[in-house]
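Student: Please take a close look at one part of this model and walk me through the side-chain pairings and the pocket lining there. Give the cut-offs as you go.

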Amino acid sequence: MNLLIANQTAYAYTGGVAAAATNADSARPAVVFIHGAGQDHSGWTLQSRWFAHHGFRVLVPDLPGHGRSAGTPLASIEEAADWIVALLDAANIQRAALVGHSMGSLIALDVAARAAPSRVSRLALLGCSVPMPVADGLLAAARDDEATAWQMINDWSHSPRGLLGGNTVPGVWLLGSNRQLMARQRPGVLLAGLDACRRYAPDAAALAQIDAAIHIIAGSADRMTPLRATLALQSLLPTAGLSTIAGAGHSLMAEAPDAVLDSLRGFLLP
């Protein structure tokens, strides 16, 4: 479905349920899935479709400048969080569960901590750390040679098993699919997202005061937001639960789609 946000068209996938049906049933609990840097809504296909067909109102937006959404990438996590609040307004959603991966997890976290705490019912954070450092070499590649940056991300975001293959979807190339997903984004989108992640520095006291239920999902083989960083994040969020997916890297939804769905079902279902 297309929405108008700040006079620009924003696309949001609705999980395979017609937008008219989604809008008509405002009584259903809402869940918003937020993608990471250099990605778009398609990273959440399995999880979003399951929830859309099991009683939830689902939105999976392409952030500004990404995928099918117009505009330019937002310069900071805070701006992106404010945009998510505007998305909720445009879709007439008063309160929603937010599920974010990597950069998307920081955006979801900022909505719950600063932008609109009362609008967040539950918060699921995948591949998340605070701070979320980005290697200088990766930033330079994203600025000067995006193809090299795509290769670096593929190398670092997949587990050793993922680098060898072993996709749970027969016939689909894990690394090739991710590379093509990054390649179809507009020039500069990846750099903007990585830089926003690098600069995000939320107030620790505000994080500790988040009222929404929180669950963190981490891959034990994640090298971009390693488990030690996830545990440090959990210490900033006193009520947060944690699920660890054995052997998974940072690309959790691609490497372990069923395990991610199972964790989300356990957290989001009433």
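Tutor: R199 and D195 both belong to helix α9 (residues 189–199), where they sit four residues apart, about one turn of the helix. Helices (H or I, at least four residues) and strands (E, at least two) are DSSP runs, numbered from the N terminus. The model is predicted, so local features need pLDDT of at least 70 and side-chain atom pairs count only at pLDDT 80 or more, while totals for chains, interfaces and linings use all residues. Residues are numbered from 1 along each chain as its sequence is written, and side-chain values use heavy atoms, with hydrogens and water left out.

The structure holds eight salt bridges. One of them joins the side chains of D89 and R119 at 2.9 Å, N to O. D89 lies in helix α3 (residues 77–90) and R119 in the loop between α4 (103–115) and β6 (120–126), so this pair ties together parts 30 residues apart in sequence. D89 is partly exposed at 44%, whereas R119 is buried at 14%. The side chains of R143 and D144 also meet in a salt bridge, 3.1 Å from N to O; D144 is exposed at 56%, and R143 is exposed at 53%.

On a 1 Å grid over the protein atoms alone, a pocket is an open set of points where a 1.4 Å probe fits, with protein on both sides within 12 Å along at least five of seven lines; lining residues have an atom within 4 Å of a point. Of the 45 lining residues, the closest to the centre are Q39, N178, L181, S251 and A254. Elements giving two or more residues to the lining are α2 (45–52), α6 (146–157), α8 (174–183), α9, α12 (252–255) and α13 (257–268). The largest share, five residues, comes from α8. The lining divides into 23 nonpolar, 18 polar and four charged residues, where Ala, Val, Leu, Ile, Met, Phe, Trp, Tyr, Cys and Pro count as nonpolar, Asp, Glu, Lys and Arg as charged, and the others, Gly among them, as polar.

S157 lies in helix α6 and is buried, at 2%. Leaving aside neighbours within four places in sequence, S157 is in contact (heavy atoms within 4.5 Å) with N178, M224, G249, H250, S251 and E255. The C-alpha atoms of S157 and G249 are 5.8 Å apart, although 92 residues separate the two along the chain. A polar atom of the S157 side chain lies 2.6 Å from the backbone oxygen of I153. The side chains of S157 and H158 are joined by a polar contact of 3.4 Å, meaning a pair of N or O atoms within 3.5 Å; within protein, one must be able to donate a hydrogen and the other to accept it, and residues adjacent in sequence count only if both atoms are side-chain atoms.

Terms used: A salt bridge is a side-chain nitrogen of Lys or Arg within 4 Å of a carboxyl oxygen of Asp or Glu. Buried means under 20% relative accessible area, exposed over 50%, partly exposed in between (1.4 Å probe, protein chains only).
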